[in-house]
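Q: Hey, I'm new to this one. Could you walk me through it?

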Amino acid sequence: MTRRRILLALTAVPAVAITVGAVAVHRMTTGRLDHGTVFGATSDRLTVKPGELFSIEVFGYQGARDAWAVSDPGPDPTVVRAFGDEYVDNVGIEDLAAHVFVGSLGSGGHYYFTFRAQSPGRTTVTLHDGAPGHRGGKFAHGSDRTERQFTVDVR
């Protein structure tokens, strides 16, 4: 009977640790904000409905000094209103192994610029990499650039 309890404890502890770790990884990869409909680099023209929450996704790596931001002046606030932005690290098995064996997470992450569509109209959202002297990161599934414009139609 004691042997069974020991065996059960030895099996339960790793299972709990793996579950807790999976929850932590999930939280790190999804971020704090609701991103709504996510548009990447292949979407230069975005069409959304009034009241819709949407995000523009940009690949970047803060460790390499990527610093993506919305350019001034921002989009017309009567058409779309900024809802928030965040950087979310990529965290997967490869990243965790790199962290354990090399000491750093090296695959970067994604910037999400989130907006809420306000009323019908058209506006432009311009994103830029403001890091001085840096060539810029890659847009999700795109090429190296330091600035990118998106036309947003609210209908």
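Q: How many bridges join strand β1 to β3, and do they run parallel or antiparallel?
A: Three bridges link β1 (residues 37–39) with β3, and the two run parallel. Strands count as paired when DSSP finds at least two bridges between them. This is a predicted model, where local features need pLDDT of at least 70, side-chain atom pairs need pLDDT 80 or more, and totals for chains, interfaces and linings use all residues. Residues are numbered from 1 along each chain as its sequence is written, and side-chain values use heavy atoms, leaving out hydrogens and water.

Q: Which residue in β3 is the bridge partner of T37?
A: That's F54.

Q: And which way do β3 and β6 run?
A: Antiparallel, with eight bridges joining β3 to β6 (residues 109–117).

Q: Is β3 mostly covered or uncovered?
A: Mostly covered: of the eight residues in β3 (53–60), seven are buried. Buried means under 20% relative accessible area, exposed over 50%, and partly exposed in between, using a 1.4 Å probe and protein chains only.

Q: What about the whole protein, how much is buried?
A: Buried residues are 32% of the 155.

Q: New topic: how many helices and strands are there?
A: Two helices and eight strands, in the order α-β-β-β-β-β-α-β-β-β along the sequence. Both are DSSP runs numbered from the N terminus: helices are H or I with at least four residues, strands E with at least two.
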